[in-house]
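This briefing covers an annotated site and a pair of packed helices. Please look over the sequence and the model before reading on.

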Amino acid sequence: MSHSDHSGSQAAGLRRLRAPKPVQVVAVTSGKGGVGKTSVSVNLAVAMALDGKRVMLLDGDLGLANVDVMLGLQPTYNLSHVIAGECTIDDTLIEGPAGIMVIPASSGKRNMAELSGAEHVGLVRAFSELQQPLDTLIVDTAAGIADSVITFSHASQQIIVVVTSDPQSLTDAYALIKVLNRERGIHRVHVLANQVQSPREAREIYDNLRRVAERFLDITLSSIGFIPHDEWLKRAVRRQRAVVDAYPAATSAVAFRALAKTAANWGLPLGARGNLEFFVERLVAGDAPAGVPA
Ligand SMILES: Nc1ncnc2c1ncn2[C@@H]1O[C@H](COP(=O)(O)OP(=O)(O)OP(=O)(O)O)[C@@H](O)[C@H]1O
């Protein structure tokens, strides 16, 4: 190898070392509200952070702030200030348990569809400029199949759909999966049964959803286990704490730690150059209002 070949490959090696690696982005969504989506997002984030990962948790409910309430945080700035161009995402970051970084949502009425072209560009730019070194971004979406839910889910590489045995939860989860599949070409989602009394109940929930989804849609569902119904989780919510942090021996906390291990093995987006590139590109492509290049 000539000297110039050698220094060329050294330079490429150094660039790779310095280049930020792609961030894993996981959306937590549910269709129906109140099934435990925010509990899952918060506890998965904290459990991954306890495993040594650098985790950011985005409260993607643009209308109702949930994460900061669940963790007893009092943010000064939130996502609506970022969208309005009044501050950067770094300014909004507020530290949660185990060092997770939370991007709080606003509590005003806000829908992705209501964002002007300039606001949409501002949101995308804010994420592309985020400087924090990061392993995983978890997005707690709003309930329902609102535009923001679909956009954030589509922009994530992994989608967790939280369901309970409540028939309405199954129906709403199916409606959400249908939109993700038919309108956004999503072909794979993870199903997490929550508030279940037994492994058998979890299996039935998963089988029911899979039977319908795989019959009528071109999608593969994978079961990622379940979180048991747990009074310790309720107690943690009342104390505005994450159960994995406040009551690590609780059955739900054990399940969240197992889920964190599963998520850690999901791998990174293929082809993305670094940081949140994958997420940002798909945010733009997914839902650009008129006038914004997709
Ligand atoms: N595994 C569980 N065991 C016992 N209770 C639970 C469990 N998961 C959630 N809950 C209860 O359900 C309540 C609602 O949970 P959470 O706020 O996480 O739901 P959500 O789906 O995010 O709701 P929203 O649609 O309002 O955002 C919690 O306050 C808690 O009391």
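A residue counts as buried if 20 or more other C-beta atoms lie within 10 Å of its own, as exposed if 12 or fewer do, and as partly exposed in between, with C-beta atoms placed from the backbone. This is a predicted model, in which local features need pLDDT of at least 70, side-chain atom pairs count only at pLDDT 80 or more, and totals for chains, interfaces and linings use all residues. Residues are numbered from 1 along each chain as its sequence is written.

**The annotated site**

- An unreviewed UniProt entry places the feature "binding site" at K32, G33, G34, V35, G36, K37, T38 and S39; such annotations may be inferred rather than shown by experiment.
- K32 sits in the loop between β1 (24-29) and α2 (37-50), where helices (H or I, at least four residues) and strands (E, at least two) are DSSP runs numbered from the N terminus.
- G34 lies in the loop between β1 and α2 as well.
- K32 is buried because 21 other C-beta atoms lie within 10 Å, whereas G34, with 12, is exposed.
- Beyond its neighbours within four places in sequence, K32 is in contact with A143, Q168, S169, D172 and A173; contact means C-beta atoms, placed from the backbone, within 7 Å.

**Packing of α2 and α12**

- Helix α12 covers residues 251-264 and packs against α2 at an angle of about 70 degrees, with the axes 8 Å apart.
- The two helices, α2 and α12, are therefore roughly perpendicular to each other (angles of 65 to 115 degrees).
- From α2, N43, L44, A47 and M48 meet F256, R257, L259, A260, A263 and A264 of α12.

Note on methods. Two residues are in contact if their C-beta atoms, placed from the backbone, lie within 7 Å. Axes are lines fitted to C-alpha atoms, for helices over the stretch in contact, and angles run from 0 to 180 degrees between N-to-C directions. Angles under 35 degrees count as roughly parallel, over 145 as roughly antiparallel, 65 to 115 as roughly perpendicular and the rest as oblique.
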